[in-house]
Amino acid sequence: MKTVLTVNGGSSSLKCALFAQEKSGLNRLFTFKLGNILGDARCKIINSAGETIEKADLDLSAAFRDNRHQAALQHVLNWIGEQVPKSELIAFGHRVVHGGEQFSNPMRVNSQLLMALEQYVPLAPLHQPYNLKLIRACQILEPSLPQIACFDTMFHVGQPKVERSYAIPRRFTEEGVHRYGFHGLSYEFIQRQLTQLESGNLNTVICHLGAGASMCAVKAGQSIASTMGFTAVDGLPMGSRCGNIDPGVLIYLARHYDMDLDALETLINKESGLLGVSGISADMLELHQADHPHAEEAIDMFAYRIALEIGRLTAALEGLQQLVFTGGIGENDADLRQRALDRCSWLGIQIDKDANDRGASVISTPDSSIVVRVIPTDEEAMIATHVEELLHD
């Protein structure tokens, strides 16, 4: 049984998925979620039915701190070797957050590619270093296997220049200071689902809502605008990221609160968003359960900003025909969807409350001017599909 392992790492987390190549297509066998790998690490393993089959603490203390990602990946490979002995691993597929303008398609990993991707570390410091660290770990652990890098920015390459550019001196724009957009693997997966539903050519706004949140305007299958910009902080407020903010606020904080660049980076990435507004949690479910006015304010702000971006992205599309909710919050939070869409009735959106409450695949009424869908995303499946397509080229 030939298999592909997808690898998606953050600063202290690792998510992997094992896919089997079958005649009917790719089949997800197991998902591995490893958290807090720099401290008291833990691992959860989920089978193809979505059932948690194993939950355990991991002792990675024998590995140096810089090698914890490699040790975590080794644990996954050991488990596969023991529990799936018929598995013949043929390739790794990696989510790499930043590929800039340079990479608009998945790429086989080699030394030249790794050198090129290092230049994007300052643009995605919370993800890119760990994406590259895991590629190098795979080279050490399984040096003979091909690795395919799939970029979260590649879906947005080719957006109109008027969307990409900031109103700053041209020399900075020409050196790469412009909007990139992220969550591209999720958007690409959703776009392929829409194509199968024969609605892939409609003017569409896709709302990827989770701890990280963004939205994308898609016209004739192509990304033409998105909410995230030069970094993954821009746009919507998120779990702990501030989203769109007047840069003058940061200058003010630096001058009047003596905050240096590291403090500002921590503020906008880890202390803001739902967490900062509520003072309670970055988790939307916990905010719904909190029954506190600050939690309510955070939820309502999130819904309001989604509605604002629907308006902006509709303008970019010059008309909206379809709206899609995806991501952990987008797929599961009927209340949040309702709050955001109540502000969009001016577009002719009409929501079927019962369908929305049960998370139906279509939650708009037949009379709605715009089709509103809920589609689960699967970035790992998108990565595995790219691996299979590239290996068979």
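Guide: Helices α7 and α8 are oblique to each other, a word for angles that are not under 35 degrees (roughly parallel), over 145 (roughly antiparallel) or 65 to 115 (roughly perpendicular). This is a predicted model, in which local features need pLDDT of at least 70, side-chain atom pairs count only at pLDDT 80 or more, and totals for chains, interfaces and linings use all residues. Residues are numbered from 1 along each chain as its sequence is written, and side-chain values use heavy atoms, with hydrogens and water left out.

Two packed helices are described by the angle between their axes and the distance between the axes. Helix α7 covers residues 247-256 and helix α8 residues 261-270; their axes come within 10 Å and cross at roughly 135°. Axes here are lines fitted to C-alpha atoms over the stretch in contact, with angles from 0 to 180 degrees between N-to-C directions. Helices (H or I, at least four residues) and strands (E, at least two) are DSSP runs, numbered from the N terminus. L250, L253 and A254 of α7 meet L264, L267 and I268 of α8, where contact means heavy atoms within 4.5 Å. These residues divide into 6 nonpolar, no polar and no charged; Ala, Val, Leu, Ile, Met, Phe, Trp, Tyr, Cys and Pro count as nonpolar, Asp, Glu, Lys and Arg as charged, and the others, Gly among them, as polar.

D258 lies in the loop between α7 and α8. Most residues other than glycine have a negative phi, yet the phi of D258 is positive, near 50°. D258 counts as exposed, because its relative accessibility is 69%; buried means under 20% relative accessible area, exposed over 50%, and partly exposed in between (1.4 Å probe, protein chains only). D291 likewise has a positive phi near 50°. D291 sits in the loop between α10 (284-290) and α11 and is exposed at 75% relative accessibility.

The structure holds 6 aromatic pairs; rings of Phe, Tyr and Trp (its six-membered ring) pair if their centres lie within 6.5 Å, and planes under 30 degrees apart count as stacked, over 60 as edge-to-face and the rest as tilted. One of these pairs joins F103 and F151, which are stacked at 5.2 Å centre to centre with 20° between the planes. F103 is in the loop between β6 (88-96) and β7 (107-108), and F151 is in strand β8 (residues 147-151), 48 residues apart. Both F103 and F151 are buried. Y252 and Y257, by contrast, form an edge-to-face pair, 6.2 Å centre to centre and with 65° between the planes. Y252 is partly exposed at 43% relative accessibility, while Y257 is exposed at 53%.

The axes of α2 (residues 111-118) and α3 (residues 128-141) come within 10 Å and cross at roughly 165°, so α2 and α3 are roughly antiparallel. Their crossing is left-handed. L114, L117 and E118 of α2 are in contact with Q128, L132, I135, R136 and Q139 of α3. The residues of this contact divide into 4 nonpolar, 2 polar and 2 charged.

Note on methods. A crossing is left-handed if the near helix is turned anticlockwise from the far one by less than a right angle, and right-handed if clockwise.
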